[in-house]
Amino acid sequence: MAPRIFVTGAADGVGAAVVRHFAQRGWLVGAYDSREPDYSERAPELVGLTTIFPGQLDVTGAAEWGSALSEFAWRSNGPVNAVANCAGLLIDDPWAQAGREQLELLVHAHSTGLILGARAAASYLADSGGQLINVFTVTADEARHVGGRLDAIQSTVRSLTDKQRAECRGQGAHGVRIVDFVPVCVLP
């Protein structure tokens with residue numbers, strides 16, 4: 001039976017690279033994003049693969065997480081072996097110039113989405129002895145973007161991952177492994 005991975009932020013960037021990586025290695029991949037992924041231009045080799053199950057997910061909605069994971073488990077007809085939280089966004093405006101809605105979306109996509117995803121995925125991953133993968137970039141360690149917006153959010157992702165890992169060790173996470181993945185860059 002092929003292993004299964006559920007990927008958020010799968011439409012482009014790191015998420016699309018994760019989808020490509022696992023699909024090319026025979027995994028069944030749930031490719032979820034706020035808009036259903038379309039790989040026709042950016043990753044045409046993925047178009048038409050029957051091992052990719054695209055779908056929509058707003059990572060800031062708890063009910064949506066549950067529905068999307070349930071849908072993927074049903075569509076792929078098996079357990080969820082891994083969840084890769086790649087969802088996020090970049091806002092180029094300085095903090096002082098960014099709109100309130102932009103800032104809330106930035107924080108919720110990276111932080112709330114990560115927390116809700118971990119909660120929703122817990123039972124799926126415990127059943128399969130699976131792995132939760134939280135993705136953040138090297139900006140979590142080094143201030144590279146003007147104004148520090150992304151670095152601050154990425155540092156939050158890193159801290160939340162460390163906290164999740166510590167909680168799972170303390171509570172006996174039933175074989176769930178929590179890891180972080182820190183890509184330096186993703187080429188198209």
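Modeller: Of the contacts in the protein chain with a separation of 6 or more, 62% are between residues 24 or more positions apart; contact means heavy atoms within 4.5 Å. This is a predicted model, where local features need pLDDT of at least 70 and side-chain atom pairs count only at pLDDT 80 or more, while totals for chains, interfaces and linings use all residues. Residues are numbered from 1 along each chain as its sequence is written, and side-chain values use heavy atoms, with hydrogens and water left out.

Biologist: What does the secondary structure of the protein chain come to?
Modeller: Four helices and six strands, in the order β-α-β-β-α-β-α-β-α-β along the sequence. Helices (H or I, at least four residues) and strands (E, at least two) are DSSP runs, numbered from the N terminus.

Biologist: How much of the protein chain is made up of buried residues?
Modeller: 43% of the 188 residues. Buried means under 20% relative accessible area, exposed over 50%, and partly exposed in between (1.4 Å probe, protein chains only).

Biologist: And how many residues of helix H1 are buried?
Modeller: Eight of the 11 in H1 (residues 13–23), so that helix is largely enclosed by the rest of the structure. Arg 20 is one of the buried residues, as are Val 14 and Phe 22.

Biologist: Changing topic: at what angle do H2 and H3 pack?
Modeller: About 40° between H2 (residues 62–75) and H3 (residues 100–128), with the axes 9 Å apart. Axes are lines fitted to C-alpha atoms, for helices over the stretch in contact, and angles run from 0 to 180 degrees between N-to-C directions. That angle makes H2 oblique to H3; under 35 degrees is roughly parallel, over 145 roughly antiparallel, 65 to 115 roughly perpendicular, and the rest oblique.

Biologist: Which residues make the contact?
Modeller: Among them are Trp 65, Gly 66 and Leu 69 of H2, and Gly 113, Leu 116 and Tyr 124 of H3.

Biologist: Asn 85 next. Buried or exposed?
Modeller: Buried, with a relative accessible area of 6%. Asn 85 lies in strand E4 (residues 82–85).

Biologist: What is Asn 85 in contact with?
Modeller: Leaving aside neighbours within four places in sequence, the contacts of Asn 85 include Thr 8, Trp 65, Leu 114 and Asn 134.

Biologist: And Asn 77, where is that found?
Modeller: In the loop between H2 and E4. Asn 77 counts as exposed, at 65% relative accessibility. Its phi is near 55°, a positive value in a residue other than glycine.
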